[in-house]
Amino acid sequence: MNQEVRVFDTTLRDGEQTPGVHLSADQKCEIARALEAFGVATIEAGFPASSPGDADAVARVARAVRHCEVAALARCCDPDIDAARQALADAADPVVHIVLGVSDVHLESKLNISRADALRRIDRSVRRAAQDGAIVQFSAEDATRADRVFLRQCIETAVCAGADRVNVPDTVGFAVPEEYGAMIGEIVRFVDEGVIVSAHCHDDLGLATANTIAAVRMGARQVEVTVNGIGERAGNAAVEEVVAALHVKSIADTGVNLPAVQAVSRKVAKATGIDVAPNHPVVGHHAFAHSSGIHQDGILKNPITYEFLSPHAVGAGDHRFVFTARSGRNAVAHCVRGMGFDPNPQEMDHVFRRFLSAADTQMGLVPQTTIAAIATAVCGAAAT
Ligand code: KIV
Ligand code: ZN
């Protein structure tokens, strides 16, 4: 694995835009410390011009975090940029993140400015942001629906004015992997080698992770992600999915401490009140649970049959078996033996028949206490 990719975490900014979520400054600092321990390269802490509370939260995160960059968002206007610079004043490594909508629909319907005005704003804003030596990232909002020639002009203007990084957001989650990858590849080819091209994908079509991976394959050197994939509408690319995929496929090294992802996921779920779906990749409660007899039998013989990624590699502990009417005899026998029973083959037949009849009449999972009661009834007390 020779490619290195920076992880730009925007849980505290784009993630906090999840409908109904609000994080206090204390919560932002706590999550920021967990993200720092996880090993992300940049923490986007918020949007200081949006409210005095967020300006304060960004300033506190900037003071709390010492081992990674802290970024703050600003629109392309002086007050936003000054608010971001001020909030980042105490950051060890500040990043001013400037955004401007560049698609025609954003220019005409939202901003009511011409393309020429947009280029002037980009130039002025990037220069202002770069004044104190902060790293400057320019985001071409709605890039995937923008005119390609104009997008190139926006990016070239930003780079010429001093932007160190250019972000190419799929703001509305409209792209598919081949087109997003091709677009990133084109930008990587025309910007200077020193300029980092960043991928920022939303999940409206369920493609945020796939698009992000496609971007890395085509030369993006930064991925913008949120913990548990939280964010506006259908959310952002999920950090746990992106870093696991880059790791498993040996595409790039992200420098993160993969096992720490469980703790950060739980912390974000608790602070935001947004539960992780049980079937969520990598961090969902069922991500490493096996229920059907065919799968359980395979796992017992060799875990790789159904687990290309060890749960230990991502801090999820041991895999688990759950028992339903689709579970298998081998798994039930394994469970019963694990409880200290030693059934002979006839007893095991009997245990399994009684298990199936319980499973067929009981909706959902058969608890281990039921399996223990069946085994006790058939085999007597378990060895202690
Ligand atoms: O989705 C988006 O375009 C954004 C920008 C602010 C980078 O979140
Ligand atoms: Zn976004």
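The legends below describe close-up views of a predicted model, covering the ligand site, the pocket and the cavity. Local features need pLDDT of at least 70 and side-chain atom pairs count only at pLDDT 80 or more, whereas totals for chains, interfaces and linings use all residues. Residues are numbered from 1 along each chain as its sequence is written, chains are lettered from A and ligands numbered from 1 in the order in which they are written, and side-chain values use heavy atoms, with hydrogens and water left out.

**View 1. The residues around ligand 1.** The shell, in which a residue counts if one of its heavy atoms lies within 4 Å of the ligand, consists of R13, D14, H97, V99, S139, E141, N167, P169, T171, H200 and H202. By class the shell has 2 nonpolar, 6 polar and 3 charged residues, where Ala, Val, Leu, Ile, Met, Phe, Trp, Tyr, Cys and Pro count as nonpolar, Asp, Glu, Lys and Arg as charged, and the others, Gly among them, as polar.

**View 2. Side-chain contacts to ligand 1.** Polar side-chain atoms of R13, of D14 and of H202 each lie 3.0 Å from an oxygen atom of ligand 1. Taken alone, ligand 1 exposes 260 Å², of which the protein buries 93% (accessible areas by the Shrake-Rupley method with a 1.4 Å probe). Strands β4 (94-101), β5 (135-141) and β6 (165-170) are the elements that give two or more residues to the shell around ligand 1.

**View 3. The largest pocket.** Ligand 1 takes up the space of the largest pocket, a pocket being, on a 1 Å grid over the protein atoms alone, an open set of points with protein on both sides within 12 Å along at least five of seven lines, and its lining the residues with an atom within 4 Å of a point. This pocket has a volume of about 490 Å³, and of the 27 residues that line it, R13, L73, V99, K110 and E141 are the closest to its centre. At least two lining residues come from each of β3 (69-75), β4, α4 (104-111), β5 and β6, with the largest share, 4 residues, from β4. The lining divides into 9 nonpolar, 9 polar and 9 charged residues.

View 4. The structure holds 1 cavity of 30 Å³ or more, a cavity being a set of grid points where a 1.4 Å probe fits but cannot get out. The largest cavity, with a volume of about 30 Å³, is lined by R148, L151, R152, M183, E186, I187 and F190.

Definitions and conventions. Polar contact = N/O pair within 3.5 Å; in protein donor to acceptor, adjacent residues only side chain to side chain. Sits in = over half its atoms within 2 Å of the grid points. Points joined across faces, edges and corners; volume = space filled by probe spheres on them.
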